[in-house]
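Dear colleague,

I am handing over the structure below for your files. Please look through it first; my notes on what was found follow directly after it.

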Amino acid sequence: KVEDFNEAEDLSVEEIIVEDTSGIEILFGTDLVSGKELKWLPNDTDQLFHTNMGIIGTMGTGKTQFTKSVITQLYMNRGKNVDGKDVGILIFDYKGDYNQSKEDFIQATNASVYQPYHHPLALTKSKVFKPLLPIHTANAFKDTLSRAYGLGAKQQDTLFQCIIEAYHMCGIVEHDPTTWDNEPPTFEQVYQRYANDETIKKNDSLAAAMNKLHQFQIFESVASNTKSLFDLLNGVVVIDVSIFDTDVQNLIVAITLDLFYSQMQAAGSSKMDGKYRQLTKMILVDEADNFMSQGYPSLKKILKEGREFGVGTI
């Protein structure tokens with residue numbers, strides 16, 4: 001800001017800083033009748049109070065190309081966010097529409113593409129103390145696995161007990177918060193605990209699920225090799241699940257959203273600047289009809305609660 005330009009005749013262009021408070025603008029298209037541009041203003045609370053979007057249409061109508069345009073514009077206009085904060089955009093790619101084979105999209109958004117290797121039993125401490133955190137984390141993983149493979153009550157209890165015992169083997173006690181910083185167990189440790197218990201019946205749907213996940217190795221076997229999803233989520237990040245069967249795809253997305261939800265709450269509310277809310281993260285779930293029909297709770301909770309944290313979904 002220059003108060004007296006007469007005293008600043010030699011001021012270079014780089015030294016004149018103009019604050020952009022117009023907020024992020026995304027061009028959707030043009031009104032065919034009026035010719036006016038149709039724009040989405042995702043962080044303007046006068047326009048809308050949340051940033052959730054549904055893109056629908058029959059096959060071949062351009063849903064994917066439209067979505068790529070929205071994501072690219074979000075990335076390119078991130079400087080108009082409150083405080084110029086970068087927007088982390090998490091994409092679950094079911095069909096290979098956003099992976100390395102799509103060089104134009106990768107180059108336009110500088111996207112990082114990852115194969116999924118999760119650590120689903122990591123403990124995320126929130127700013128508000130949550131008692132019995134290992135119990136809550138174990139129960140969330142058990143529920144997600146149960147929805148993916150239709151586990152019965154007895155199978156769910158068996159899985160839950162194996163997870164809790166794996167925590168105990170790592171010195172993590174649900175009633176003692178001082179132990180929660182110990183390295184948590186991996187899925188492989190839970191699987192070995194399950195496989196080595198001769199009292200557990202091994203010819204049911206739980207056995208089939210555990211064996212399939214063990215064979216596909218979608219879970220990281222060394223906890224120290226993993227990092228927080230929120231720390232990883234800078235710029236555009238693509239989780240490529242296109243190589244997996246539908247049940248594994250949905251499980252990967254569900255577990256990632258479980259992690260996202262707990263870390264979203266731990267991160268706290270996003271900043272407000274007048275009518276503008278800081279946009280922090282966006283999640284794109286491709287083929288959402290396949291996923292949402294399974295009734296996983298995390299996506300629904302993010303849809304309902306994400307606004308406070310500057311989180312939106314597409």
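Lys281 stands opposite Val311, a residue of strand S9. The strand that carries Lys281 is S8, and three bridges join S8 to strand S9 (residues 311-313), the two running parallel. Please bear in mind throughout that this is a predicted model.

Strand S8 also has a partner in strand S3 (residues 88-93): five bridges join S3 to S8, and these strands run parallel. In that pairing, Leu90 stands opposite Ile283 of S8.

How well covered is strand S8? The strand spans residues 281-285 and is mostly covered, with five of its five residues buried. Lys281, Ile283 and Val285 point one way from S8, while Met282 and Leu284 point the other way; all are buried.

I turn next to the charged side chains. Side chains of opposite charge can pair when their charged atoms come close. A search of the whole structure finds 14 salt bridges. I describe some of them here.

One of them is formed by the side chains of Lys275 and Asp44, at 3.4 Å from N to O. Lys275 lies in the loop between strand S6 (272-273) and strand S7 (276-277), and Asp44 in the loop between strand S2 (37-40) and helix H1 (63-76), so the pair ties together parts that are 231 residues apart in sequence. Lys275 counts as partly exposed, at 33% relative accessibility. Asp44, by contrast, counts as buried because its relative accessibility is 3%, under the 20% limit.

Glu165 forms a salt bridge with Arg193, and their closest N and O atoms are 2.2 Å apart. This pair links distant parts of the chain, with Glu165 in helix H4 (residues 153-169) and Arg193 in helix H5 (residues 187-195), 28 residues apart. Glu165 has 28% relative accessibility and therefore counts as partly exposed, whereas Arg193 is buried, with a relative accessible area of 19%.

A salt bridge also joins Asp247 to Lys212, with the closest N and O atoms 2.9 Å apart. Because Asp247 lies in helix H8 (residues 246-267) and Lys212 in helix H6 (residues 205-216), the pair ties together parts that are 35 residues apart in sequence. Asp247 counts as partly exposed, at 23% relative accessibility.

Finally, which residues are linked in a network of salt bridges? Glu25, Glu37 and Lys39 are linked in this way.

With kind regards

Methods: Residues are numbered from 1 along each chain as its sequence is written. This is a predicted model: local features need pLDDT of at least 70, side-chain atom pairs count only at pLDDT 80 or more; totals for chains, interfaces and linings use all residues. Side-chain values use heavy atoms; hydrogens and water are left out. A salt bridge is a side-chain nitrogen of Lys or Arg within 4 Å of a carboxyl oxygen of Asp or Glu. Helices (H or I, at least four residues) and strands (E, at least two) are DSSP runs, numbered from the N terminus. Buried means under 20% relative accessible area, exposed over 50%, partly exposed in between (1.4 Å probe, protein chains only). Two strands pair if DSSP finds at least two bridges between them.
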